[in-house]
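Reader: Hi, I have a structure open and would like to talk it through with you. Could you help me read it?

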Amino acid sequence: MGHLKTMSSRASNRKLTPSQRNRVRSITTPLNEWYAVRHRDLPWRENQDPYRVWISEIMLQQTQVKTVIPYYERFMGRFPTVVSLSEADEDEVLEYWAGLGYYSRGRNLRVAAQQVVRDHGGALPNDEAGLRSLPGIGEYTAAAIGSIAFDHAVPVIDGNVERVLARYLTLEGDPKKGDSNTLLREAARIALPNEQPGDHNQAMMELGATVCTPRAPGCGDCPIASGCRANKLGRPEAFPPPRQRRKPEIQHWLAAVIVTPTGIVVRRAAEDAPFLKTQWGVPLWPVDDAPDPRQAATKLRALVRSEFDFELGRASYQAEIKHSITYRSLRVHVVTIPASTANEQTAPRTVQVGDAWKLPGLHRKIVECAARQSTNN
DNA sequence: TAGACGTGGCG
DNA sequence: TCGCCAAGTCT
């Protein structure tokens, strides 16, 4: 009956053992006492207003707290209510999102606000199905809003929670899949108290973000280190296992900073552009290899002439900028070129250097690079 | 469902 | 400098 034993021991990996369950239960009290004292004062923690919680959770997707804070303050200043966001132009919402990345988050936020006004009387739905029906809200964000804003006793599982529990239980597999995922979910549910579930969920994430970090975790400062198996093994960094990543591809691009009397020319990227689709920015063209400065200037001049109706001045090479977008390692060769519009009817949209913050990070870097160079000249 | 999506912090 | 990874969602 060897195969039966194998089957049963494999099946048992899908449930926490009684002793594991006890260890997980012992997380709750010390963790929440730690959080009460050590939590960071963050702008979205001033109150439980569902709109504020929602905006913060969307911004925090794949984005660190330190990065989010200034964007959050600026965004809330301009769009303080669901209605104000629902009435905004997409371009303006994206201006306030520019630099944060993952721009579908900003587009979805506006559409969702319109849905909330139209279908829910302007108040975020306070049930999971209602929240998940909104674009941009998936399993994690619905649970985060539900627990933090509405006191629903549902656990959240984000990258932090995955790491904390994978270490605590020394889960060997990918926490997003298979048995490790099943065990993780059971553990997260068991650790969750019925009182103040939002604080508990934030405590789990806060611990992951500030103590149980991916590299160099601070086990000496961890309130649950005594029950943590990875700490006992002395190699907490080994959990969870590293993820498989697509190999970076180096790509060379030419960027045109076309300087007209009214500002720098920007245009909308095509819907089928390889990245930053439909986003405003300076014209970009792919090139096969790294050009030398003279080639870059000459080629760029020809490209600008082929697509715009300008009187062009002398093209001058500025610098190479490095910028990564997902798996693409971009090498962007920045060329400036003075221009005057030959035909007022076709006057393009322009931006001032001071407004470069309204552009995606890549284009902001390009404009600021050109401005810096020309100041030096 | 695995891959795409932006950017910055940090060791 | 460079590579890993982040309070995920969508298709």
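Reader: Which element gives the largest share of the surface near DNA strand B?
Author: In this predicted model, the largest share of that surface comes from strand 6, which supplies 3 residues.

Reader: And which residues come nearest to DNA strand B?
Author: There are 23 residues around DNA strand B, and those that come nearest are Tyr102, Arg246, His323, Thr326 and Gly361. By class, the residues of this surface divide into 9 nonpolar, 9 polar and 5 charged.

Reader: What does His323 do with a phosphate oxygen there?
Author: A polar atom in the side chain of His323 lies 2.6 Å from a phosphate oxygen of DNA strand B. For Pro274, by contrast, it is a backbone N or O atom that lies 2.9 Å from a phosphate oxygen of the DNA strand.

Reader: Which residue has a polar backbone atom 3.4 Å from a base nitrogen?
Author: That is Leu100, whose polar backbone atom is 3.4 Å from a base nitrogen of DNA strand B. Of the DNA atoms within 4 Å of the protein, 56% belong to sugar or phosphate, and the rest belong to bases.

Reader: Changing topic, how do helix 3 and helix 13 pack?
Author: Helix 3, residues 28-38, and helix 13, residues 197-210, pack at an angle of about 75 degrees, and their axes are 9 Å apart. Angles of 65 to 115 degrees count as roughly perpendicular, and the two helices are therefore roughly perpendicular to each other.

Reader: Which residues of helix 3 make the contact?
Author: Helix 3 contributes Thr28, Leu31, Asn32, Trp34, Tyr35 and Arg38, while the residues from helix 13 include Asp199, His200 and Leu207. Sorted by class, this contact has 6 nonpolar, 5 polar and 3 charged residues.

Terms used:
Residues numbered from 1 in each chain as written. Chains lettered and ligands numbered in written order. Predicted model: local features only at pLDDT ≥ 70, side-chain atom pairs only at ≥ 80, totals over all residues. Heavy atoms only, no water. Near = heavy atom within 4 Å. Polar contact = N/O pair within 3.5 Å; in protein donor to acceptor, adjacent residues only side chain to side chain. Helix = DSSP H or I, 4+ residues; strand = E, 2+ residues; numbered from the N terminus. Nonpolar A, V, L, I, M, F, W, Y, C, P; charged D, E, K, R; others polar. Axes fitted to C-alpha atoms, helices over the stretch in contact; angles between N-to-C directions. Parallel < 35°, antiparallel > 145°, perpendicular 65-115°, else oblique. Contact = heavy atoms within 4.5 Å.
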